[in-house]
Amino acid sequence: MSRIDLGREHQLAHAFVRLADTLVSGFDLVELFDDLIRTLVEIFDLSAAGLMMMDNAGKLRLVASSSERSRLVELLELQADQGPCLDAFGSGALVAVEGDHEQAQRWPALSRLLREAELGAAYGLPMRLREDTIGAVNLFHRPGETVATGDLVTAQALADVATIATLQARASRASVQLAEQLQAALNSRVTIEQAKGVLAERGKVDMQAAFDRLRGFARSHNLRLTEVAEAVAKGRLDAAEVLTG
């Protein structure tokens, strides 16, 4: 095995450990999902990734994205009611649509947006355990590049770990409590977006940089991302402290 292969094997090993460790150390769903998509982008050298979860009404909502660019595309995917995440969620199976022509035929309202965002091959990974599908993951590559079949299998395995952990951690509680936890994660995303806006305005930085500062502050101070975001959004934590912290 080459040195490069060994490096990626180590990355994958650490990724699986981090996913499990997130649960043991407090089970913050938002943190878990954010870590999953960033891990996927890093390990498989993707252009972007995002994660959508089902809310109490059975509708998909965006809860994590690797960049502002992918966040906008995924929100438009929800508005257009078509795309890899929706297909994977609806079918419970992995979706791979790699060519421009195939994307234009399958997702006419979305394909142009993918080109404008300089995104190429698109993939959807269901977050499913047996009959329970709770969400889906979007993967986007650069134009002209595709994800190898073996890598898709590994990416699905990482998504499966997050799915199993989410469901298993709540197995001893009533299903309505799981729904409440997932809904809380969705609602937390709104607070995070508010905090990003505060930091972006105060620090004169873009939204991606604002999120990186928010996430970095939470990790360096051993706090939950949602706790820091709420404190910033409500003015309990000075934005300047987060921007420099």
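**Cores, strands, turns and a cavity**

Q: Which residues touch the most other members of the largest nonpolar core?
A: The model is a predicted one, and its largest nonpolar core holds 54 residues. Within that core, the residues that touch the most other members are F33, L40, L51, M53, V137, L139 and L214.

Q: Which helix gives the most residues to this core?
A: The core in question is the largest nonpolar one, with 54 residues. The helix that gives the most to this core spans residues 29-43 and supplies 9 residues, and it is α2.

Q: Which residues does F33 touch, not counting residues up to four places away in sequence?
A: F33 is among the core residues that touch the most other members, and L51 and M53 belong to that group too. Leaving out residues up to four places away in sequence, F33 touches L51, M53, V63, A64, M127 and T166.

Q: How many residues are in the other core, which lies apart from the largest one?
A: This other core includes L60, V73, L110 and F140.

Q: Is strand β1 largely enclosed by the rest of the structure or largely open, and how many of its residues are buried?
A: A residue is called buried when its relative accessible area is under 20%. Strand β1 covers residues 48-54, and it is largely enclosed by the rest of the structure because the buried residues number 6 of the 7.

Q: Which residue of β5 is the bridge partner of A48?
A: Strands β1 and β5 (residues 132-140) pair in the antiparallel sense over 6 bridges. In β5, which has 8 of its 9 residues buried and so is largely enclosed by the rest of the structure, the bridge partner of A48 is F140.

Q: Which residue in the turn of the hairpin formed by β1 and β2 has a positive phi?
A: Strand β2 (residues 60-65) runs antiparallel to β1, and 5 bridges join the two, with M54 having L60 as its bridge partner in β2. The hairpin leaves 5 residues between the strands, and the turn residue with a positive phi, of about 85°, is G58.

Q: Which residue in the turn of the hairpin formed by β4 and β5 has a positive phi?
A: The strands β4 and β5 pair in the antiparallel sense over 8 bridges, and G124 stands opposite N138 in β5. There are 2 residues between the strands of this hairpin, and the turn residue with a positive phi, of about 55°, is R130.

Q: Is E118 buried or exposed?
A: E118 lies in the loop between α6 (108-116) and β4 (122-129), and its phi is near 60°, a positive value in a residue other than glycine. Since the cut-off for exposed is over 50%, E118 at 55% relative accessibility counts as exposed.

Q: What is the relative accessible area of N222?
A: N222 is placed in the loop between α9 and α10, and it has a positive phi of about 55° although it is not a glycine. N222 is exposed, with a relative accessible area of 72%.

Q: Which residues does R215 touch, not counting residues up to four places away in sequence?
A: R215 sits in helix α9 (residues 207-220) and is buried, with a relative accessible area of 12%. With residues up to four places away in sequence not counted, R215 touches E31, D34, D35, R38 and L225.

Q: How many residues of the lining of the largest cavity are charged?
A: The largest cavity has a volume of about 50 Å³, and its lining consists of R38, S65, S66, S67, E68, R71, R189, K196, Q208 and F211. Helices α3 (68-80), α8 (175-203) and α9 each supply at least two residues of this lining. The lining divides into 1 nonpolar and 4 polar residues, and the number of charged ones is 5.

Technical notes:
Residues numbered from 1 in each chain as written. Predicted model: local features only at pLDDT ≥ 70, side-chain atom pairs only at ≥ 80, totals over all residues. Heavy atoms only, no water. Helix = DSSP H or I, 4+ residues; strand = E, 2+ residues; numbered from the N terminus. Buried < 20%, exposed > 50% of the residue type's maximum accessible area, 1.4 Å probe, protein only. Contact = heavy atoms within 4.5 Å. 1 Å grid on protein atoms, 1.4 Å probe; cavity = no way out; pocket = protein on both sides within 12 Å on 5 of 7 lines; lining within 4 Å. Points joined across faces, edges and corners; volume = space filled by probe spheres on them. Nonpolar A, V, L, I, M, F, W, Y, C, P; charged D, E, K, R; others polar. Core = buried A, V, L, I, M, F, W, Y, C linked by side-chain atoms within 4.5 Å. Pairing = 2+ DSSP bridges.
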